[in-house]
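The structure is a predicted model.

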Amino acid sequence: MKEGLQLNRRSFLGAAASAAAFSIVPRHVIARSGGVPPSEKLNLGCVGVGGMQGGGDVGGVGSENIYALCDVDENHLNKAAEKRESAKKYRDFRQMLDKEYKNLDGITVTIPDHMHATVSLWAMERGLGVYCQKPLTPTVWEARLLARAAEKYKVPTQMGNQGYSCEATRVACETIWRGDIGDVKEVHAWNGGGFARGVKEWPKEEPVPAHLDWDLWTGRARLHPYGPKIAPIEWRGYLEYGTQMVGDWGVHILGPANWGLQLGSPTSVECIAVDEVNPVTFPHYACKFEFPERPNAFVPSGKMPPVTVYWYEGKMVRQCRKPPEGLTEDNLKGCNEIFVGTKGFLGTNDRGESMRMIPESAMEGFKKPERVIPRIDGGHYKNWINAFKGGAEPCSNFKIGGPYTEWLLLGTICWRFPNEKLLWDGKNMRFTNNAAANEFVKPYLRKGWELKMV
């Protein structure tokens with residue numbers, strides 16, 4: 001994109017400029033410098049305003065001015081517009097961004113996973129901040145792309161894993177760093193849900209509803225026949241569009257582990273169990289990631305030992321997940337992530353919205369550790385909005401959310417090679433011992449929807 005595209009609305013005269021010279025600066029640069037009063041509302045565009053979370057994200061940023069609404073489903077678009085009568089309406093995000101980028105400060109992206117990178121990149125190239133729902137992308141390559149784009153364009157970004165803004169996630173991290181459970185050797189996390197379970201071939205073609213632009217919904221993916229068993233909800237279970245539960249809930253559940261253990265990039269991933277493999281939807285599977293010793297400035301030694309992270313989804317929660325030695329199944333109630341340390345256990349639940357020492361007796365006399373991580377006032381959306389107005393960089397910005405998403409997505413690859421340890425070279429984004437696995441690192445890009453690494 002030409003540099004001129006990064007000049008968005010209400011450019012201003014530099015305070016230090018003389019009468020003979022002045023600077024035109026993008027709004028987001030002003031915002032990051034604190035030049036925009038907190039009381040002034042941002043102009044935001046919302047891409048995806050229906051489905052699973054679209055309405056929620058529009059409401060989440062509703063403290064600001066919703067300047068434009070965009071959805072490939074006209075029914076969703078019109079319903080959202082009933083509450084935002086002044087907002088401009090678009091079916092195609094490309095038209096919205098090309099016509100309105102000068103009038104916008106940022107956008108929300110609440111659409112199927114396979115189009116996250118495309119829409120987010122278009123916005124960042126035009127100087128706009130982005131709040132993108134989790135998982136950031138469905139492929140490792142796209143996650144790296146968005147992390148690099150955030151670094152290049154320097155706009156406020158946030159991945160929608162709201163647990164990162166929660167008090168309990170921060171307390172969990174600080175408790176681990178204080179050494180309450182000793183060195184963490186294992187983490188176990190799980191979710192038994194799923195989308196499109198039992199679907200093992202493409203649904204029979206049905207007429208595309210008049211209110212839906214199916215070609216645009218498909219975007220960069222292969223063009224398949226429309227079916228209500230795909231859109232607007234079940235797409236998350238399809239290999240072509242989603243990431244199943246590791247992307248739907250794993251990115252929430254494992255947030256405390258990613259942050260508290262400063263995980264970075266693993267050295268390997270291995271599928272330890274899998275069932276119902278088919279060419280269309282994700283199977284039920286369990287996998288483990290091995291991470292090497294890592295630096296951590298928050299602990300006295302300055303480093304953390306190697307750790308193995310286990311993920312179980314679908315029926316594998318019942319079939320494979322067992323209580324760690326020293327705990328019972330009752331001890332795990334109210335948790336979906338367990339840290340196993342050399343001195344004890346810690347559990348978190350939901351999106352990292354609660355934490356406790358395990359077993360219950362370990363909470364006797366527990367005192368919260370000294371605060372190390374700054375707290376967030378107003379929640380995850382506000383954390384992003386404040387960054388436009390001189391606040392700190394958002395806690396799950398793409399430079400954080402990108403690398404986190406990268407390692408999680410190795411789970412969506414490994415089940416194709418059960419019981420084989422896939423060695424991962426994170427720097428070069430490749431498996432060193434399985435060429436076939438490397439075919440799933442990058443996305444399929446339909447003609448006309450190509451992406452290039454930044």
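**Helix H6 against helix H13**

- From H6, the residues Val140, Ala143, Arg144, Leu146, Ala147, Ala150 and Glu151 meet H13. On the H13 side the partners are Phe398, Lys399, Gly402, Pro403, Thr405, Glu406 and Leu409.
- This contact of H6 with H13 divides into eight nonpolar, two polar and four charged residues.
- The two axes lie 8 Å apart, and the packing angle is about 170°. H6 and H13 are therefore roughly antiparallel to each other, since angles over 145 degrees count as such.

**Helix H5 against helix H6**

- H5 covers residues 116–125 and H6 covers residues 140–153.
- H5 contributes His116, Ala117, Ser120, Leu121, Met124 and Glu125 to the contact. H6 contributes Glu142, Leu145, Leu146, Ala149, Ala150 and Tyr153.
- Eight nonpolar, two polar and two charged residues make up the contact of H5 with H6.
- Leu146 and Ala150 of H6 take part in the contact with H5, and both also meet H13.

**Helix H4 against helix H5**

- H4 (residues 93–100) packs on H5 at about 10°, with the axes 10 Å apart. H4 and H5 are therefore roughly parallel to each other.
- Phe93, Arg94, Leu97 and Asp98 of H4 meet Thr118, Val119, Trp122 and Ala123 of H5.
- By class, the contact of H4 with H5 has five nonpolar, one polar and two charged residues.

**The six-stranded sheet**

- The sheet is open, and its six strands run in the order S5-S4-S3-S6-S7-S8. Pairing is parallel.
- Which strands stand at the edges? They are S5 (88–90) and S8 (157–159). Each has a single partner strand, so one side of each is left without a neighbour in the sheet.
- On average, neighbouring strands are turned by 20° against each other, direction ignored.
- H13 (residues 398–409) packs on this sheet and touches S7 and S8. The direction of H13 makes about 35° with that of S8.

**Strands S6 and S7**

- S6 (residues 106–109) and S7 (residues 129–132) run parallel, joined by four bridges.
- Ile107 stands opposite Val130 in S7.
- Gly129 and Tyr131 point one way from S7. Val130 and Cys132 point the other way.
- Are these four S7 residues buried or exposed? All are buried.
- In a regular strand, side chains alternate between the two faces of the sheet.

**Cysteines**

- How many disulfides does the structure hold? There are zero disulfides.
- For Cys271, the closest cysteine sulfur is in Cys414. The two sulfurs are 5.0 Å apart, too far for a bond, because a disulfide needs the pair within 2.5 Å.
- Cys271 is buried, with a relative accessible area of 0%.
- Cys395 is in no disulfide either. Its nearest cysteine sulfur belongs to Cys166, 9.1 Å away.
- Cys395 has 12% relative accessibility and so counts as buried, as the limit is under 20%.

Conventions:
Residues numbered from 1 in each chain as written. Predicted model: local features only at pLDDT ≥ 70, side-chain atom pairs only at ≥ 80, totals over all residues. Heavy atoms only, no water. Axes fitted to C-alpha atoms, helices over the stretch in contact; angles between N-to-C directions. Helix = DSSP H or I, 4+ residues; strand = E, 2+ residues; numbered from the N terminus. Contact = heavy atoms within 4.5 Å. Nonpolar A, V, L, I, M, F, W, Y, C, P; charged D, E, K, R; others polar. Pairing = 2+ DSSP bridges. Buried < 20%, exposed > 50% of the residue type's maximum accessible area, 1.4 Å probe, protein only. Parallel < 35°, antiparallel > 145°, perpendicular 65-115°, else oblique.
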